[in-house]
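Reader: Hi! Could you walk me through this model, a bit at a time?

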Amino acid sequence: MSVLGRLVSSVCSCGSKSGFLASVQKSVLPTYLTTRTYRKIKQEEGEKVTVIKGEVFEDTKNVYVEKAVPDDPCPLRSRGIQITYEDVLILQQFITSTGEMLPREHTNLSQQEFFKVLTCVKMAQRANLLPGTEDQTDKQGNFVPKLNRYLTRYDVGSRTPIRSRGLPYTKRLYRIGDRRLARDAPRVSSRPWSLNH
Amino acid sequence: MSFGRANQQWATFSRVWHILNADRQPAGGIGVLVSRYVQGLHKPIYHPTSDVGDHVVVVNAKKIAYSGNKWEEKVFTAHTGRRKGRVRMQAFKVHELDPTWIIRRNIYRQIPNNLLRRTLFQRVHVFEDENVPAEIIENVTNVLIGPRPVPKAITDYTEEEKDSFPKLFLRDKYFLKS
């Protein structure tokens, strides 16, 4: 049973923070191992014959965490998890291998949590933490080179340059991060998060 | 051989060479950190008129990171003094022409505006790659940590870590794994 403690500590320390279920964070969310069978398409090309098979295989390494609120279908809200764009191991569960989001019928996410995961996935893709990138062209059709960035709210080629930022009392600021994530995330200090630079 | 007072003096006032990797670090934070070490503010023996600053080598200046969409929104301006001499360039174009320009500008502006600024700025060595001449690498003795803790990409995790990470929902048995 020492495995349980290690897994719980990894869940709690992976960067996600608990909001209103802060009391649950330290207590044990029980985990158990399960096996699931999935189907996979396999294509084999011979000299004159191509064989397309639907193979069944077992996934024995599924470690499942139980919910703190069992009636809630949403996997994030029922466990009190608040995500950031850095929680790549959680976000990878909600996307396909190419980088598109899985539909809400499969994952049972609530609408608010779905949009939070969507914005986090897009921010992680622009920061090269997850697979799946956008086309790097400007509005005028010019090529934008691939550069390191983080907390990008908007699409890469969609913003126009800010030539005059204005006077200090009416300054036009750069927008960073997402408002919904910052609103719900727990804060230690009373100072608000800066969404504008 | 006894450890005399002269040796102690030379050891405290010696000039140290630091190295900093700018991979995925913010440009403004690097300027603050480097100017601090170049002036000597990290030393308890600091005084502005006594020359206690250190050398800093910045590596991988090409791979700097900006938060938000600043690569397209941020505009650097200049004027040549002549007519129609206003130059305005977006940050990614400036970076294309000279990858070290943004870092050097930030460091230069963080050092206080006095007569020591130009001599202290000569002790800052910025390189776009990891190709540093041997004369400079020989002197380096300390590694500086960047201001931003770089997050891990999904490719940086091992297979064991990915498998042992708990799942939040279980899919149907008719789910087609893609």
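Reader: How do β1(B) and β2(B) pair?
Author: β1(B) and β2(B) run in the parallel sense and are joined by 5 bridges. Strands count as paired if DSSP finds at least two bridges between them. As for the names, helices (H or I, at least four residues) and strands (E, at least two) are DSSP runs numbered from the N terminus. Within this pair, B:H18 has B:V56 in β2(B) as its bridge partner.

Reader: And is β1(B) mostly covered or mostly open?
Author: Mostly covered, with 4 of the 5 residues of β1(B) buried. Buried means under 20% relative accessible area, exposed means over 50%, and partly exposed is in between (1.4 Å probe, protein chains only).

Reader: Before I go on, what should I know about the model itself?
Author: This is a predicted model, where local features need pLDDT of at least 70 and side-chain atom pairs count only at pLDDT 80 or more, while totals for chains, interfaces and linings use all residues. Residues are numbered from 1 along each chain as its sequence is written, chains are lettered from A and ligands numbered from 1 in the order in which they are written, and side-chain values use heavy atoms, with hydrogens and water left out.

Reader: Thanks! Which way do β4 and β5 of chain B run?
Author: Strand β4 (residues 75–79) and strand β5 (residues 86–90) of chain B are antiparallel, with 5 bridges joining them. B:V75 stands opposite B:Q90 in β5(B). The two strands form a hairpin with 6 residues between them, and B:G81 in the turn has a positive phi of about 100 degrees.

Reader: Which phi does B:N60 have, positive or negative?
Author: B:N60 has a positive phi of about 65 degrees, although it is not a glycine. Most residues other than glycine have a negative phi. B:N60 sits in the loop between β2 (55–59) and β3 of chain B.

Reader: Why does B:N60 count as buried?
Author: Because its relative accessibility is 3%.

Reader: OK, and what about B:R24?
Author: B:R24 is not a glycine either, yet it has a positive phi of about 60 degrees. The loop between β1 (17–21) and α2 (27–39) of chain B holds B:R24. B:R24 counts as partly exposed because its relative accessibility is 30%.

Reader: Last one: how far apart are A:Q111 and A:G141?
Author: They are 30 residues apart in sequence and 34 Å apart in space, C-alpha to C-alpha. A:Q111 belongs to helix α5 (residues 111–126) of chain A, and A:Q111 counts as partly exposed because its relative accessibility is 48%.
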